[in-house]
Amino acid sequence: MPITLHWFLPTNGDGRRLVEPETPVPGIAGGTRAPTLDYLTQIALAAESFGFEAALTPAGPWCDDAWITTAALAQRTRRLKFLVAFRPGLISPTLAAQQAATYQLHTGGRLLLNIVTGGDSAEQRAFGDHLDKDARYARADEFLRIVKGLWADEVVDHHGEHLHVERAVIGRRPDPVPEIYFAGSSPAALDVAGRHADVYLTWGEPPAAVAEKIAAVRARLPEGREVRFGIRLHTISRDRAADAWAAADALLEGISDEDIARVHARMATTESVGQQRMSALHGGSRSDLEVAPNLWAGVGLARGGAGTALVGSHREVAERIEEYADLGIEEFIFSGYPHLEELYQFGEGVLPVLADRGLWKPPAERGRGLDTGSVERGSVAFGVVPSP
């Protein structure tokens with residue numbers, strides 16, 4: 001089966017380096033790009049034109065709201081779906097179910113949902129959430145049970161440990177029902193993923209570790225359930241491998257050893273098992289950052305979250321994608337710095353190789369997405385016309 005490719009929307013800003021200097025240097029390209037609607041539209045339209053399926057938006061206090069941003073971008077794009085990250089439990093499950101149904105109505109069914117339970121209790125407390133990690137996963141399980149019931153046109157009564165709703169209904173069923181993307185490496189996360197995920201996501205670990213995680217999720221699947229697997233990676237590909245590795249080194253320009261030590265110390269306090277696994281790949285050191293062929297852990301030196309990138313020639317990056325696909329990874333979420341330029345490198349360089357190998361097909365050949373500007377629902381076509 002051909003793989004599915006997604007891109008990323010930097011709703012916290014973009015740049016040519018992992019950390020941009022506060023003051024631009026005359027004569028040197030760079031500087032922080034604000035996540036304006038016009039800039040994000042450029043990225044979204046480029047992703048759409050290359051045939052990416054969807055664009056992931058993050059969730060957190062450091063970025064703009066994903067629901068509002070993508071709802072606006074949906075009016076400027078035709079086919080691209082939006083993988084909206086949100087935190088269950090911060091809003092009512094009934095309201096979330098209603099929001100998803102409304103979103104599907106006004107975008108022609110282009111919503112996917114990425115469930116983020118939160119791996120940092122301090123950050124969760126800033127949102128007014130005082131549950132511990134395991135309790136957050138238990139609440140996510142209740143949340144998804146309620147939401148899925150509402151999406152199935154049920155009248156939901158739920159009296160759980162964390163959530164309570166009585167005679168809950170919504171006036172419109174989402175069409176289609178959004179697929180659920182779910183990540184997490186702890187046993188509690190794998191259990192919830194096994195019960196609810198349509199797509200289980202992992203960060204970009206070496207292939208052997210990814211294979212182990214896939215096996216762990218499959219072992220927790222209830223009888224009769226199936227789940228697809230996806231991976232989140234950065235990408236740095238060039239015509240020549242040497243140029244790609246030089247670009248990877250350039251991302252770390254201006255980042256001192258003290259800066260790296262501070263980031264590593266902060267990541268060491270996280271409750272997220274996935275983040276712990278990302279940090280262990282580099283150990284806070286600039287040396288030995290190629291942790292598997294063409295898999296570079298340098299991104300994690302300066303930031304949390306997805307900390308690895310596929311680095312190399314376009315063909316080498318395509319080969320690594322094929323290696324993950326052979327393990328069972330069907331969906332790939334990529335990003336790069338800057339997101340617009342790196343998208344063109346990937347689109348012009350890697351996509352033709354993937355297509356030539358039979359690993360990827362553009363939407364028109366998949367029979368799923370449409371490049372005509374409309375999404376069919378029954379006998380009615382809903383068109384979304386981009387603004388000029």
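Mentor: Start with a term: two strands pair if DSSP finds at least two bridges between them. Helices (H or I, at least four residues) and strands (E, at least two) are DSSP runs, numbered from the N terminus. This is a predicted model, where local features need pLDDT of at least 70, side-chain atom pairs count only at pLDDT 80 or more, and totals for chains, interfaces and linings use all residues. Residues are numbered from 1 along each chain as its sequence is written, and side-chain values use heavy atoms, with hydrogens and water left out.

Trainee: OK. In what sense do S2 and S3 pair, and over how many bridges?

Mentor: Strand S2 (residues 54-57) pairs with S3 in the parallel sense, over 4 bridges. Between S2 and S3 the chain passes through helix H2 (residues 66-74), and this β-α-β crossover is right-handed. Right-handed means that, with the strands pointing away from the viewer, the path from the first strand over the helix to the second runs clockwise.

Trainee: And what joins S3 to S4?

Mentor: 5 bridges, with S3 and strand S4 (residues 111-115) running parallel. S3, helix H3 (residues 93-107) and S4 also make a right-handed β-α-β unit.

Trainee: Which residue in S4 is the bridge partner of Val84?

Mentor: Leu113 is the partner of Val84 in S4. Thr57 also stands opposite Val84.

Trainee: How many residues of S3 are buried?

Mentor: In S3 (residues 81-86), 5 of the 6 residues are buried. Buried is under 20% relative accessible area, exposed over 50%, and partly exposed in between (1.4 Å probe, protein chains only).

Trainee: Switching topic: how many aromatic pairs are there?

Mentor: The structure holds 11. Rings of Phe, Tyr and Trp (its six-membered ring) pair if their centres lie within 6.5 Å; planes under 30 degrees apart are stacked, over 60 edge-to-face, and the rest tilted. One of the pairs is Phe50 with Tyr344, edge-to-face at 5.3 Å centre to centre and 80° between the planes.

Trainee: Which helices do Phe50 and Tyr344 lie in?

Mentor: Phe50 is in helix H1 (residues 37-50) and Tyr344 in helix H12 (residues 339-356), so the pair ties together parts 294 residues apart in sequence. Phe50 is buried at 17% relative accessible area, while Tyr344, at 37%, is partly exposed.

Trainee: What about Trp67 and Tyr103, buried or exposed?

Mentor: Trp67 and Tyr103 are both buried. They form an edge-to-face pair, 6.0 Å centre to centre with 75° between the planes. Trp67 lies in H2 and Tyr103 in H3, so this pair ties together parts 36 residues apart in sequence.
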